[in-house]
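This report looks at a helix and at salt bridges in one structure. Please view the sequence and the model first.

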Amino acid sequence: MTESAPDSLPRRAVIGLGANLGDLDATLDAACAAIAALPRSRWLGVSGRWCSRPVDSSGPDYLNAVAAIETRLAPLELLAALQAIENAHGRERPWRNAPRTLDLDVLLIDDLRSADPVLLLPHPRLLERAFVLLPLLELQAALDGALPLPGHADVAALQQLADRLAREQGLERRPG
């Protein structure tokens, strides 16, 4: 993965947010505020909120969203900043896919590809999760197509995939 210098051109980063423990709305609100306050970054927006059942796990349902920023942070700097936000919200990692107070995932950073096990880009399960795809497509539309999509995918094809996954995975958009 190529790291960017602090004075490099900004990149658009797409971040998945999820929580299934505690006050979910307050946690996602606080996480969005913390992401918006990241250094060398500019907030672009956030999708609506989506409810989903846990995937490959158990526990309460999740509240999910997707946010976007423009950032001059290097990819691993961004990941470290997001993990610090998770930790500030009491994130614990007792086992893989354990319930969590806050989960922040770097989904995409422009067209950047990375096989670094610390930060795989695009996120390896991006195309398997309706709770990521539908909010991403919603935010993409709200920002007039200004976000990166996985592999320059066709929006209509991604929408069909997302709709199918939503039916299979029990995803619902929360009103508001």
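Asp103 is buried, at a relative accessible area of 13%. Buried means under 20% relative accessible area, exposed over 50%, and partly exposed in between (1.4 Å probe, protein chains only). This is a predicted model, in which local features need pLDDT of at least 70 and side-chain atom pairs count only at pLDDT 80 or more, while totals for chains, interfaces and linings use all residues. Residues are numbered from 1 along each chain as its sequence is written, and side-chain values use heavy atoms, with hydrogens and water left out.

Asp103 forms a salt bridge with Arg100, which is buried too, at 10%. A salt bridge is a side-chain nitrogen of Lys or Arg within 4 Å of a carboxyl oxygen of Asp or Glu. The whole structure has ten salt bridges. The table lists some of them.

| Pair | N to O distance |
|---|---|
| Arg100 and Asp103 | 3.1 Å |
| Arg173 and Glu138 | 2.4 Å |
| Asp25 and Arg174 | 2.7 Å |

Asp25 lies in helix α1 (residues 24-36) and Arg174 in the segment after β8 (172-173), so this pair ties together parts that are 149 residues apart in sequence. Helices (H or I, at least four residues) and strands (E, at least two) are DSSP runs, numbered from the N terminus. Asp25 and Arg174 also belong to a network of salt bridges with Asp29 and Arg49.

Helix α4 has the buried residues Leu158, Ala162, Leu165, Ala166 and Gln169. Seen down the axis of α4, they fall within an arc of 105 degrees (taken from the directions from the helix axis to the C-beta atoms), so they line one face of the helix. On the other side of α4, Gln160 and Arg167 are exposed.
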